[in-house]
Amino acid sequence: MAASRPHILYLRLGTDIQDDLFDELYQGVRAQIASLAPTQEATSMASAQSLLSTQSFKAVMVVDGGSSVKKHNALQKQLASYATVGGTVIFCCLFASFIRPPDMSQLWKNFNEPWESGDYHRSTFYLSQKMKNVFGSQRAKNLLSEYSMKALHLANVPVGSRVYVPVEQSRTESRVFPPDAVDNSQTPAAFHKYGSGWLGYIGDVNNEDGSQALLMAMLDLVVSSTNTVPTVAKIESSLEDEC
C-alpha cells in the first residue's frame with residue numbers, strides 16, 4: 001500500500017481583506033502545494049485548535065497576521081507544542097505584511113524564542129551555505145543562490161538558522177532613498193530546529209519566486225525544476241513606508 005501523503009494546514013485568521021489578497025496572490029503556489037499534498041484550512045481559532053488536536057499535519061502555514069494578535073495566545077502556544085513534538089510551523093505569505101511589531105514580540109515569547117521584529121527594506125540576499133546541509137541536496141536544489149526581496153527582517157536569530165543573509169557589501173535597494181548599509185545580524189528568512197520539529201519564517205512581502213522555492217523546501221515538497229510556480233502577482237506590503 002502506498003504511503004499516505006503528508007497533510008498541510010493553512011491558518012487563515014485574518015480580515016476579509018487579507019483573505020481576498022491571499023486568494024488572489026497565492027493561487028499559483030497553493031495549486032503547486034495541492035498537487036503534492038492534501039491541504040485543509042482553518043479560518044477560526046476554534047477550528048484551528050480542533051484540527052491541531054485531532055489530526056496529524058506535516059506542516060502548518062500561518063499565512064496572514066490574524067493568528068498573531070493577543071486573543072490568539074493560546075493558539076500560538078498550541079502551535080509551539082505542535083512543533084516541539086515534530087511538526088513544522090511556517091509564518092509566510094501575508095504574515096509579514098500584516099503583523100504589528102508588538103504582536104511579533106509576544107508571538108516569539110510564546111515560542112520561547114528571543115526573536116524580534118527587525119528592519120524593513122529591500123536588498124539582495126544570499127543563501128547560507130549552512131542551510132544547504134540543513135535542507136539536503138534534494139530539498140535545496142531549487143533554492144536560488146541569491147535574490148532581491150523586500151522583507152520584514154528578524155533580529156536575534158541564531159546564525160545557523162538564517163536561511164538568506166546579507167553580505168558585508170550589501171546595501172538597501174530603493175527607487176526613493178539612496179543605498180544604505182544593512183544590518184548583517186538580521187535575516188529575512190529563518191528555518192530553526194525547534195524541539196523535534198521546525199520553525200520557519202519568510203519575511204518577503206512581494207511573493208518573490210525565490211521565496212516560493214524556499215516555502216516548498218521548508219514544506220519538504222520537492223518540485224521539478226521544469227514545473228516551478230509562476231509568480232501570479234506582486235503584493236505591496238500594508239506597511240506604509242516605501243523603499
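In helix 3 (residues 45-54), M45, A48, L51 and L52 are buried, where buried means under 20% relative accessible area and exposed over 50%, with a 1.4 Å probe and protein chains only. Helices (H or I, at least four residues) and strands (E, at least two) are DSSP runs numbered from the N terminus. The model is predicted, with pLDDT of at least 70 needed for local features and 80 or more for side-chain atom pairs, while totals for chains, interfaces and linings use all residues. Residues are numbered from 1 along each chain, and side-chain values use heavy atoms, without hydrogens and water.

**Exercise 1.** Determine how the buried residues of helix 3 are arranged and what they pack against.

*Solution.* 
1. Seen down the axis, the buried residues fall within an arc of 135°, so they line one face of helix 3; the arc is taken from the directions between the helix axis and the C-beta atoms.
2. The face turned away carries the exposed residues A46, S53 and T54.
3. The buried residues pack against strand 1 (8-11), strand 2 (39-42), strand 3 (59-62) and helix 4 (73-84), contact being heavy atoms within 4.5 Å.

**Exercise 2.** Describe the sheet and identify its edge strands.

*Solution.* 
1. The open sheet has 9 strands in the order 2-1-3-4-9-8-7-5-6, with mixed pairing; two strands pair if DSSP finds at least two bridges between them.
2. Strand 2 and strand 6 (146-155) each have a single partner strand, so one side of each is left without a neighbour in the sheet.
3. Within the sheet, strand 4 (residues 88-91) and strand 9 (residues 197-202) run parallel and are joined by 4 bridges.
4. F91 has Y201 of strand 9 as its bridge partner.
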